[in-house]
Amino acid sequence: MLEVKGLSLKRGSTEVLHGIDLHLRPGQVLGVLGPNGAGKSSLLGALCGELAPSQGHVLLQGRALAHWPGQERARRLAVLPQVSSLGFAFSVEEVVGLGRLPHGSGQQRDREIVEAALKAADAWHLVERSYLALSGGERQRVHLARVLAQLWPGEEGATLLLDEPTSALDPLHQHTTLQAVRSFADRGAAVLVILHDLNLAARYCDAILLLEQGRSHALDTPARVLTPQALKAVFGIDVLVQAHPERGHPLIITR
Amino acid sequence: MKQRVQPRTLFICLTFLCLLAVWLSLALGPVSLPLTDILRAGLRLLGMPIDRTGLEQAELILGQIRLPRTLLGLAVGAVLALSGVAMQGLFRNPLADPGLVGVASGAALGAAVAIVGGAWLGGIPEWFAPYLLSLCAFIGGLGVTALVYRLGRRNGQTDVATMLLAGIAMTALGGSAVGLFTYLADDATLRTLTFWNLGSLNGASYERLWPLLLVALGVTLWLPRRAQALNALLLGESEARHLGIDVEGLKRELVFCTALGVGAAVAAAGLIGFIGLVVPHLVRLVAGPDHRVLLPASLLAGGTLLLFADLVARLALAPAELPIGIVTAFIGAPFFLFLLVRRGR
């Protein structure tokens with residue numbers, strides 16, 4: 001559970017985020033959308049404490065981020081960065097096992113959780129492989145499994161922040177990944193995910209924050225946020241929005 | 001995935017090799033000593049009541065020459081290898097080496113300042129001189145490590161290329177400063193200085209050994225406690241923070257341990273290159289990158305490899321003796337090139 005009030009952030013002298021308010025609730029998947037440079041990654045940086053806000057504050061379960069001891073915070077908040085630069089030949093099992101570092105739950109339990117997390121990320125078949133021998137998309141799924149293992153099983157009180165977890169994935173794994181994230185949230189975790197694909201966001205998110213030049217353009221359900229007017233204003237694209245014929249969520253078609 | 005050697009097998013093999021190296025290092029030399037003499041003289045040195053007849057020579061050679069030399073070799077090798085692991089973890093790059101990033105030359109500069117400055121000042125108590133040397137080498141190493149690390153930082157990330165280039169510049173700068181001291185030194189100090197720059201276990205004495213053994217013990221006890229944190233650090237600094245690791249504290253510890261270890265090793269045995277690079281690499285090739293295995297295995301392998309290198313240095317041109325720095329560089333530099341080529345593929 002994460003609460004953000006009046007968050008502003010400066011990088012150098014430019015203000016990259018201005019007056020952001022949001023409330024990430026247990027069981028919720030909140031998608032963050034916006035064009036390049038809108039401040040999505042800066043927002044994620046501020047939410048996980050990597051970047052210090054110039055104004056406002058971020059509360060994790062009612063307590064300011066900086067006031068959490070590192071390990072206790074790591075048991076409640078996990079972050080998947082856009083790229084990871086691991087240059088050593090760890091096995092996939094070892095990489096995912098690093099997610100269990102904050103816990104001390106014992107070897108046996110850790111091994112079960114690593115297996116479950118790898119299966120959730122559809123990467124269990126890679127378990128014996130060397131991380132360095134994997135493709136970009138496989139690496140991304142292994143890191144997803146690592147952050148899932150960090151918060152496993154994803155009960156209420158767990159908060160997961162994901163920066164473009166589908167950027168290197170094929171269409172099937174874009175869906176399996178977000179499905180894994182979705183079931184994580186269904187067990188009670190709060191999830192914030194940065195996405196570029198509007199249709200993926202419409203399908204898997206409960207709410208969407210649309211960012212435009214560091215400001216919140218809209219924060220509401222996908223059906224209310226993903227309108228032709230809003231997408232024209234923020235992304236500058238002309239789209240048709242229709243209901244998905246089977247699932248009912250908005251379907252965005254470029255003209 | 002390539003099959004790794006089980007840690008237990010690895011440790012058994014390394015312990016065996018280490019004991020072999022210790023035995024050879026004690027036995028071989030201008031006078032070869034049989035194993036029974038070594039054991040009996042060794043027990044006598046430990047205070048056991050054993051008949052001294054026929055053992056006088058063995059006891060003298062062991063106690064005064066080969067034992068301190070062997071201990072020095074083990075400690076220097078172990079500390080350099082551990083420092084290599086710490087550097088490679090800190091920079092998250094398997095090619096970082098205490099010698100390559102300028103730490104060793106900083107320590108050498110500190111040692112030069114102590115040797116030449118000490119000779120100039122005079123009046124430094126005899127018992128304090130070895131400690132002054134260790135202290136100056138340590139300060140030199142620490143200063144350069146901190147500076148290179150600071151120069152390699154960009155926007156909260158460590159830029160390895162910048163860091164290596166800064167290391168080259170610092171090595172050159174340290175080299176020129178040592179050169180200046182060489183120029184200023186008188187004949188006696190000049191000899192001492194030249195000996196540092198090539199590295200040697202020759203003339204090992206217990207006075208020079210103590211500070212190093214203390215440092216080796218400290219680093220050996222401290223670093224393995226950070227094995228899991230080092231594993232997490234390899235993912236990246238912010239990733240490690242998100243896993244609950246106090247990254248700034250960890251980096252300070254790594255810099256401190258490296259400066260302390262390399263400083264003490266350089267003070268005791270001069271510049272011995274490539275052990276810190278080659279040893280962790282060999283261990284990773286065999287047993288994988290997990291620091292819980294890598295740290296203790298590098299400790300053993302470092303001491304062992306340095307003893308074997310010292311044997312080569314002592315025996316290759318006997319009765320003359322090569323500086324050991326030449327031997328390790330002769331083995332290490334081609335190995336480094338081999339790694340570069342392999343990485344490119």
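## Sheet of chain A

In chain A, an open sheet is built from 4 strands in the order β2-β1-β4-β5, with antiparallel pairing. Its edge strands, each pairing on one side only, are β2 (14-24) and β5 (63-64) of chain A. The model described here is predicted.

Strand β1 (residues 2-11) of chain A runs antiparallel to β2(A), and 7 bridges join the two. Within β2(A), A:Leu22 is the residue that stands opposite A:Val4. Strands of a sheet pair through backbone hydrogen bonds, in either a parallel or an antiparallel manner.

Helix α1 (residues 40-47) of chain A lies across β1, β2 and β4 (55-60) of that chain. The helix runs at about 120 degrees to β1(A).

## Contact between chains A and B

Chain A contributes 24 residues to the contact, and chain B contributes 20 residues. On the side of chain A that touches chain B, the elements giving two or more residues are α2 (70-76) and β6 (77-80) of chain A. The largest share of this side, 4 residues, comes from α2(A). By residue class, the side of chain A that touches chain B comprises 12 nonpolar, 7 polar and 5 charged residues.

## Nonpolar core

The largest nonpolar core has 185 residues. Those with the most contacts inside it are A:Ala117, A:Ala145, A:Leu148 and A:Val191, together with B:Val76, B:Val79 and B:Ala111. Helix α3 (residues 56-90) of chain B gives the most to this core, with 17 residues.

Apart from its neighbours within four places in sequence, B:Val79 is in contact with B:Val215, B:Ala216, B:Val219, B:Gly261, B:Ala264 and B:Ala265. In soluble globular proteins, nonpolar side chains tend to be buried together.

Definitions and conventions. Residues numbered from 1 in each chain as written. Chains lettered and ligands numbered in written order. Predicted model: local features only at pLDDT ≥ 70, side-chain atom pairs only at ≥ 80, totals over all residues. Contact = placed C-beta atoms within 7 Å. Nonpolar A, V, L, I, M, F, W, Y, C, P; charged D, E, K, R; others polar. Core = buried A, V, L, I, M, F, W, Y, C linked by C-beta atoms within 7 Å. Buried ≥ 20, exposed ≤ 12 C-beta atoms within 10 Å, placed from the backbone. Pairing = 2+ DSSP bridges. Axes fitted to C-alpha atoms, helices over the stretch in contact; angles between N-to-C directions.
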